[in-house]
Amino acid sequence: MPEDARLQGQPVSLWLDSAGETDYPKLDRDIEVDVAVIGAGVAGLTAALALKRAGRSVAVIEAARVGTGVTGHTTGKVTSLHRIAYTELARNHGADTARSYGQANQGAIEHIRRLVAEESIDCGFRQVDNYTYAESEDALAEVRAEADLAAGLGLPSTFTTDVPLPFPVKGAVRFDGQAQFHAVEYLQGLARAVDGEGSFVFEQTRALQVHDGAPGVVESEGGTVRARDIIVATNVPFADMGSFKDRCQPHRSYIVAGRVDSPPAEATFISVDEPMRSILTVSIGGQTYVLVGGEGHPASESGDTARRYGRLAAFARDRLGVREVSHRWSTQDNLPADGLPYVGLMSAEAKHLYVITGLRKWGLTNGTAAALILTDLISGRDNPWAAVFDSNRTTGTASAGARGDGKATAEPAGEATPAPGKLGRAPEQITLAPGEGTVIDVGGQSTAVYKDTGGRIHSLSAICTHLGCTVEFNPADTTWDCPCHGSRFAADGAVIHGPATTNLPPGPEHLPESLT
């Protein structure tokens with residue numbers, strides 16, 4: 001295999017690998033609070049703490065552990081410069097909407113800065129500048145226009161040709177006073193501040209049903225939470241009453257990280273030119289790492305994941321001096337059809353059930369802003385950004401869509417046709433090496449089979465528990481991925497990422513001898 005396609009590094013997020021573990025209890029009883037929050041990512045925990053500070057009792061329900069979802073797989077950038085988002089937003093929605101979007105994200109940066117100080121959260125938070133840079137003449141024109149537009153909107157924007165990267169670029173739009181931090185350590189700090197004094201954080205507690213009402217109810221295997229208000233902050237909405245699966249597109253992207261001796265300047269970067277590259281430097285445990293992200297694609301387009309990682313690793317090595325990739329991971333975001341996040345009531349009929357989704361791949365600031373919007377709505381206060389982020393607005397046309405990076409994309413395809421009849425190959429046609437998986441036909445049953453590194457064969461149903469599509473094996477991440485709506489499952493069938501909420505069930509006990 002060519003060098004650029006070789007897999008390198010542990011298949012784990014650097015943030016998760018370097019953070020301590022949390023150990024909050026499972027929900028094992030019925031409780032009653034003012035607000036229930038489903039999801040312990042940046043949006044859910046920020047909302048929970050803001051509401052607790054406003055005098056509400058809160059219970060946070062997390063299916064796994066704090067910060068292990070999308071937020072734990074982020075880049076760690078805390079910025080309102082989202083590639084060239086303001087050009088796109090102003091074109092499709094007008095300057096006032098673009099201004100509100102920028103103000104919301106700037107407000108989020110300041111809110112995070114205050115919380116880090118007030119709650120004494122040790123998360124490596126530091127102020128840096130953020131750059132969207134251009135290497136070609138066409139891209140240079142785009143960043144000049146973005147810089148001028150953003151400055152006119154009142155944002156901390158300037159155009160510069162002085163870009164502190166170790167390779168030549170033509171220029172960039174720079175936002176001053178941005179930030180970066182250790183995303184998981186920040187979330188763990190928020191969770192510590194939420195838990196106690198009549199408020200709770202519950203881990204390993206998967207929500208099974210949600211009922212809007214007065215009060216509403218969140219059901220889990222171990223107990224229920226009764227609350228006047230419920231916030232669903234799970235990236236892909238649980239109990240999707242607002243048809244967000246039709247208004248969002250699941251989008252996957254990738255990051256590699258490795259140690260360097262001479263890191264770039266303390267700043268964060270993203271390119272306008274394709275293929276897009278996102279760059280950040282971080283110091284953890286006395287070591288300096290460079291993170292390179294990119295290679296994004298709709299979740300329905302699988303492609304060769306190993307080669308995607310390989311191209312990022314080659315960029316990190318050749319341009320940034322990374323000696324060897326130590327970590328690699330992928331993440332999946334929900335992109336809104338019209339380029340703006342959805343924040344507010346779950347549907348037009350909902351009374352006390354709220355949602356946060358479609359954060360454009362910039363969840364650290366958009367998720368924080370969304371949490372502040374819902375805190376105001378639940379508290380009966382006006383919020384200056386609520387109308388722009390309104391979850392029940394009419395979405396735009398295909399031309400108004402966004403990839404989350406400030407570039408246009410097609411309208412989400414909506415309801416993909418399930419493919420439960422896709423049975424896969426006959427067992428006698430395959431030979432699995434350790435670490436490989438595939439979908440086969442076992443007696444007319446579509447079966448996902450995986451051979452672990454010890455040579456043991458594992459068997460699961462290959463039918464996604466969301467809407468019945470057939471999953472596919474992702475060898476680079478060792479996951480079963482659904483091509484229809486983006487659900488992801490671990491090798492043992494456990495749900496990693498929704499919209500599925502139920503694990504893949506076991507497959508046939510007796511497999512053909514040709515496999516074993």
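Author: On a 1 Å grid over the protein atoms alone, a pocket is an open set of points with protein on both sides within 12 Å along at least five of seven lines, while a cavity is a set where a 1.4 Å probe fits but cannot get out. Lining residues have an atom within 4 Å of a point. Grid points are joined across faces, edges and corners, and a volume is the space filled by probe spheres set on the points.

Reader: Which residues are the closest to the centre of the second largest pocket?

Author: Among the 14 lining residues, Ala63, Gln204, Thr205, Arg206 and Glu221 are the closest to its centre. By class, the lining has four nonpolar, seven polar and three charged residues. Ala, Val, Leu, Ile, Met, Phe, Trp, Tyr, Cys and Pro count as nonpolar, Asp, Glu, Lys and Arg as charged, and the others, Gly among them, as polar.

Reader: What should I know about the model and its numbering?

Author: The model is predicted: local features need pLDDT of at least 70, side-chain atom pairs count only at pLDDT 80 or more, and totals for chains, interfaces and linings use all residues. Residues are numbered from 1 along each chain as its sequence is written, and side-chain values use heavy atoms, with hydrogens and water left out.

Reader: How many cavities of 30 Å³ or more does a search of the whole structure find?

Author: The search finds one. The largest cavity has a volume of about 30 Å³. Its lining consists of Thr75, Ile255, Ser278, Ile279, Leu280, Leu291, Val292 and Gly293. Five of these are nonpolar, three are polar and none is charged. E13 and E14 each supply at least two lining residues. Such labels come from DSSP runs, numbered from the N terminus: helices are H or I with at least four residues, strands are E with at least two.

Reader: How do I read a salt bridge?

Author: Side chains of opposite charge can pair when their charged atoms come close. The cut-off is a side-chain nitrogen of Lys or Arg within 4 Å of a carboxyl oxygen of Asp or Glu. The whole structure holds 25 salt bridges. In one of them, glutamate 295 pairs with arginine 277, with the closest N and O atoms 2.9 Å apart. Glutamate 295 lies in strand E14 (residues 287-298) and arginine 277 in strand E13 (residues 277-284), so the pair ties together parts 18 residues apart in sequence.

Reader: Are glutamate 295 and arginine 277 buried or exposed?

Author: Both are buried. Buried means under 20% relative accessible area, exposed over 50%, and partly exposed in between (1.4 Å probe, protein chains only). Now take aspartate 376 and arginine 381, whose closest N and O atoms are 2.8 Å apart in a salt bridge. Aspartate 376 counts as buried at 14% relative accessibility. Arginine 381 counts as partly exposed at 42%.

Reader: In what order do the strands of a sheet stand, with E21 as one of them?

Author: Two strands pair if DSSP finds at least two bridges between them. Here four strands form an open antiparallel sheet in the order E21-E22-E23-E24. E21 and strand E24 (495-497) stand at the edges with a single partner strand each, so one side of each has no neighbour in the sheet. E22 and E23 pair over three antiparallel bridges. Tryptophan 480 stands opposite phenylalanine 489 in E23.

Reader: Which strands form the open sheet of three?

Author: The order is E18-E19-E20, with antiparallel pairing. Six bridges join E18 and E19. These two form a hairpin with two residues between them, and glycine 443 in the turn has a positive phi of about 60°. Five of the six residues of E18 are buried.
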